[in-house]
Amino acid sequence: MSTKHSEAASRFIANKEQETWHNETLWFVREKRDRMAMGIPEWEKLRELSSQIKMHTVSHLDKYVEQFASNAEANGVIVHWAKDAQEHNEIVCKILKDKEAKKLVKSKSMLTEECHLNDYLIERGIDVVESDLGERILQLKNEPPSHIVLPAIHLKRQQVGELFEEKLHTEEGNSDPTYLTRAARQHLRNEFLTADAGMTGCNFGVAETGDVVVCTNEGNADMGTSLPKVHIVSMGIEKIIPNHKSLAVYTRLLARSATGQPVTSYTSHFRKPRKGCEMHIVLVDNGRTDILGDKDHIQTLKCIRCGACMNTCPVYRRSGGYSYTYFIPGPIGINLGMLKSEDKYSDNVSACSLCYSCNNVCPAKIDLVDQIYRWRQDLDSIGKADPMKKMMSSGLNMLFLRPKLYRTALKFAPIVNNMPRFMLYNGLNEWGKGRELPTFAKESFTSMWKKGKVQNKK
Amino acid sequence: MKVGLFIPCYVNTIYPEVGVASYKLLTSLGVEVDYPIDQTCCGQPMANAGFEDKAIPLAKHFEEIFDKYDYVVAPSASCAAFVKENYPRLLEKEDHLCQTSGKIHDICEFIHDVLKIDRLPSRFPHKVSVHNSCHGVRELHLSSASELNIPRYSKIKDLLSLVDGIEIFEPQNVDECCGFGGMFSIEETAVSVCMGQDKLKNHIATGAEFITGADSSCLMHMQGVVNREKLPIKFIHVVQILAAGL
């Protein structure tokens, strides 16, 4: 009984030192988040408000998207509409080609990961440079992010030191974080100065003004949009919120939930192009409007991509981002993957013990666990249910629906206690990998009750 | 007040002493307790594994058996939570208005919230580490979940503190999952065992002799790891402590 996730998780855990370090590092972030959350008396009210604002917005998304786009256009921004990843990539590529841009410097964007933009542009002769430090490290390593906010969290500084030695010619054996960050900074400075266009994601699009709000800690989005003459914003339509008043709710929740900071170092508002420059916004659907009509999963559209569900998830922390088959891991990734393709990404649905912790940390109160539970109910009908689990469920059902048979089974259960070890602990016994089987009592409660043994103990 | 005692399947066959302690404790508190003999399982194992439809006939069976009582009480937070949270929706598919969902209580919750006891004659002169199970905490609200900014409380600690001689501890990462999760434990074996090991490390670090909790299923999973690795800690259900000396 296994899934691609459980197999990859097992490999991750086999390196105990790495697993422990990964688990503890992310738990540390969860604890930082807790301290921030506990410091705000109205925290739970904020979460509720955030949930309601997002539900309201996605329920009236047509109205807000139009309002956002027309305000942005009135500000002098060129707005593009992309129905899917392909269109998104084509639009971005065309903007760059029209401007004869050779180099694009990017700040962090999970949407461009979703669309596989980098590969698309590189294949068409454009030099793409990630400027978020974590993303840059991964680009140099040619690896995808393993976490949506802390993309290189699976790497240790020694590994980064070795990578920089090779790619940026830093001192041999020096993995001092300050030294490495300075080296990356110097190297990126040159990229910023020579880029022809800058691209950012978007944390929030404010409908009432057409503003794009980008939250970063490194100021890289600001560098990337202040030097080149073209700024392209890639944003999913669910990023839109009604107004600045609601923005205030999210800027209070985002960094606290994500990294346990009161606020990100930079919260940049982009309203219009700089003088003599161009600003483009590419509004992307890529399956989002399909989710609008799905009452079981519409709440995923409330996600503000803070990653708090990953940091608290006991399974994510012990299995790492790469153990999931969808590019977004953890509880939200399990759900978004299934929404993208049930057929392709059903292997992640096993990665949940139904502990409900993610529901409690989510700053938009998404019913993450309930959705995972619901996906499990769908697996059988799409032919993805584990045959062993199905057989066990049917077997148990047969037993539990026949009280007399159940009582007989209770009577004979203790036989298992005395079975030879090789019959109990073999490849078929998943429980026995790492655990001893429980011992059945000599007499079940039911049997004791029938004989009056329980009642006599009064 | 007539209480129907629900003894979940695995408690019935592996931990009958938990059922006996539940009966003793409830009757000592003046409650009339009956054990309907035809009961089996609430259906949670199948539902969590993705076969919720198989739980529907079990829900109907459960409803028929327990409908006649004022309360249904179970020494298992997770099973009680399953009935409470899922039965109304499952039985709605059968056009049946669920009754037991509003009647079921985990035994600790029942004693704390319904009977509201403030003294117990029990004595348990030992150090215990409280295991706050996920469904107990985040579905039944037996204690304040660590993620939420709400006033801190613990119904289990409240009850245990009525016991003479006891010393109560809680592990670090106070309500992190132990990794049982029903069929999760055999589908994601490596993660499940790893979570169990980590949880045990935190429990053992308290210096407690016993791990106690409202969910025997978590205890069963952790006991499996303890027995395999010969770790120095024992297990006891909360009701066994509350009933100690009766």
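Predicted model: local features only at pLDDT ≥ 70, side-chain atom pairs only at ≥ 80, totals over all residues.

In helix α1 of chain A, residues 4–14, the buried positions are H5(A), S6(A), A8(A), A9(A), F12(A) and I13(A). Buried here means under 20% relative accessible area, exposed means over 50%, and partly exposed lies in between, with a 1.4 Å probe and protein chains only. Seen down the axis of α1(A), these buried residues fall within an arc of 165°, so they line one face of the helix; the arc is that of the directions from the helix axis to the C-beta atoms. On the face turned away from that buried side, α1(A) carries the exposed residues R11(A) and A14(A).

Residues are numbered from 1 along each chain as its sequence is written, chains are lettered from A and ligands numbered from 1 in the order in which they are written, and side-chain values use heavy atoms, with hydrogens and water left out. Helices (H or I, at least four residues) and strands (E, at least two) are DSSP runs, numbered from the N terminus.

What covers the buried residues of α1(A)? The cover includes α2 (16–38) and α15 (314–319) of chain A, together with α10 (184–187) and α11 (189–204) of chain B.

Let me turn to two of these helices. The axes of α2(A) and α11(B) come within 13 Å and cross at roughly 65°; axes are lines fitted to C-alpha atoms, for helices over the stretch in contact, and angles run from 0 to 180 degrees between N-to-C directions. That makes α2(A) roughly perpendicular to α11(B), a term for angles of 65 to 115 degrees. In this pair, K16(A), E19(A) and N23(A) of α2(A) meet C194(B), Q197(B) and D198(B) of α11(B), contact meaning heavy atoms within 4.5 Å. The contact residues divide into one nonpolar, two polar and three charged; Ala, Val, Leu, Ile, Met, Phe, Trp, Tyr, Cys and Pro count as nonpolar, Asp, Glu, Lys and Arg as charged, and the others, Gly among them, as polar.

Finally, chain A as a whole. Chain A has 23 helices and 10 strands, and buried residues make up 58% of its 458 residues. Its C-alpha atoms fill a box of roughly 90 × 55 × 45 Å, taken along the principal axes.

Key: Parallel < 35°, antiparallel > 145°, perpendicular 65-115°, else oblique.
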